[in-house]
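Me: I have a model open and would like to learn how to read its features. Could you walk me through it?

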Amino acid sequence: MKVAITGGTGFVGKELTRLLLDRGDEVVILTRNPKTTANKITYVKWLEKDADPEKQLEGVDAFVNLAGTSINDGRWSEEQKKMIYSSRMDATNELLRIIHKLEKKPKVLVNASAVGIYPPSQTVTYTEASAELGSDFLAQTVRDWEILAHRAEEDGLRVACGRFGIVLGKNGGALPLMALPYKMFAGGTVGSGKQWLSWVHIKDVARALAFALDTDQLSGAFNVTAPSPKQMKDFGKEIAHTLGRPHWIPVPSFAMKAILGEKSQLVLEGQRVLPTVLQQHGFQFKFSNLRSALADIYK
């Protein structure tokens with residue numbers, strides 16, 4: 001398969017690229033700063049005035065859209081929120097334009113999304129069938145992103161939107177920041193500790209995206225979360241166990257709000273989300289247990 005990836009140089013994109021190459025696929029990475037083609041990776045310039053990507057994308061079988069400013073970088077100022085939102089919309093609109101221009105249409109678009117689309121709750125368990133969606137900034141962003149991505153169906157593509165949980169890996173995502181206090185012997189429960197973290201190992205994220213590319217019957221939303229979400233107090237204890245550090249200094253909610261502002265909702269609020277669609281289609285997680293996931297990351 002020839003797969004084009006936007007956001008292919010990011011945390012998830014790099015892992016997906018490795019997986020696709022390992023299984024023999026050809027990868028095209030759309031980037032503002034293309035490198036020389038090497039090792040079955042072709043780099044195509046896009047989102048610049050002098051870019052003309054569609055000419056180089058004829059024959060692509062599938063697109064994976066991961067492009068967008070990270071929600072983990074810096075406080076959520078109004079300017080940062082605009083960048084988080086517009087970066088996703090602008091990239092997806094350009095991708096739709098490219099797809100429309102292609103003579104031979106790809107078969108599928110797998111688009112990133114997030115479990116933040118569901119409202120925070122300590123009592124509700126969410127699946128893809130859950131009708132209630134959130135109304136805060138992050139929920140509205142990913143709702144609009146999914147709606148826009150589904151416009152690719154007008155060109156005959158199957159569209160699947162992977163709602164990512166908290167992606168765990170050593171070199172990106174939220175885990176390095178969450179583990180840092182423990183490494184400094186100052187880790188403890190954040191906020192009430194009752195908030196849910198629907199986590200997933202970075203390797204399972206890449207495998208789930210590849211599975212969505214391959215599975216013709218899979219369309220619409222699919223949750224990319226391990227089947228065993230944890231409450232924050234238990235999540236912290238597992239980090240402490242893995243790193244051999246104490247779990248003892250609590251971080252109150254007001255302190256997180258003072259440090260992170262609105263972005264503090266990422267750690268103070270949460271959702272209990274299950275990967276029902278993936279499992280119904282036969283996907284098997286390599287890391288369904290948090291302790292084994294952390295052990296693999298920090299081995």
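Reply: Let's begin with the lining of the second largest pocket, which by class has three nonpolar, five polar and six charged residues. Here Ala, Val, Leu, Ile, Met, Phe, Trp, Tyr, Cys and Pro count as nonpolar, Asp, Glu, Lys and Arg as charged, and the others, Gly among them, as polar. Keep in mind that this is a predicted model, where local features need pLDDT of at least 70 and side-chain atom pairs count only at pLDDT 80 or more, while totals for chains, interfaces and linings use all residues. Residues are numbered from 1 along each chain as its sequence is written, and side-chain values use heavy atoms, with hydrogens and water left out.

Me: What is the volume of the second largest pocket, and which residues are closest to its centre?

Reply: The general idea is that rolling a probe the size of a water molecule over the atoms shows where empty space is left. On a 1 Å grid over the protein atoms alone, a pocket is an open set of points where a 1.4 Å probe fits, with protein on both sides within 12 Å along at least five of seven lines; lining residues have an atom within 4 Å of a point. Points are joined across faces, edges and corners, and the volume is the space filled by probe spheres set on them. In this case the volume is about 300 Å³. There are 14 lining residues, and Phe11, Glu15, Arg18, Lys170 and Asn171 are the closest to the centre. Two or more residues come from each of α1 (11–22), α5 (202–214) and α10 (290–297), with α1 giving the most, four. Helices (H or I, at least four residues) and strands (E, at least two) are DSSP runs, numbered from the N terminus.

Me: In what order do the seven strands of the open sheet come?

Reply: Two strands pair if DSSP finds at least two bridges between them. The order is β3-β2-β1-β4-β5-β7-β12, with parallel pairing. At the edges are β3 (41–45) and β12 (220–224), each pairing on one side only. From one strand to the next, the twist averages 25°. As an example, β2 (26–31) pairs with β3 over five bridges, and Thr31 has Lys45 as its bridge partner in β3.

Me: At what angle do α2 and α3 pack?

Reply: Two packed helices are described by the angle between their axes and the distance between the axes. Axes are lines fitted to C-alpha atoms, for helices over the stretch in contact, and angles run from 0 to 180 degrees between N-to-C directions. Here α2 and α3 (137–149) pack at about 5°, with axes 10 Å apart. That makes α2 roughly parallel to α3, a label for angles under 35 degrees. Contact means heavy atoms within 4.5 Å; among the residues that meet are Tyr85 and Met89 in α2 and Trp145 and Leu148 in α3. The contact divides into eight nonpolar, three polar and three charged residues.

Me: Why is one side of β9 and of β11 left without a neighbour in the sheet?

Reply: These strands belong to a three-stranded open sheet in the order β9-β8-β11, with mixed pairing. β9 and β11 stand at its edges with a single partner strand each, so one side of each has no neighbour in the sheet. Strand β8 (166–169) pairs with β11 (199–201) in the parallel sense over three bridges, whereas two bridges join β8 to β9 (172–173) in an antiparallel run. A hairpin through two residues links β8 to β9.

Key. Parallel < 35°, antiparallel > 145°, perpendicular 65-115°, else oblique.
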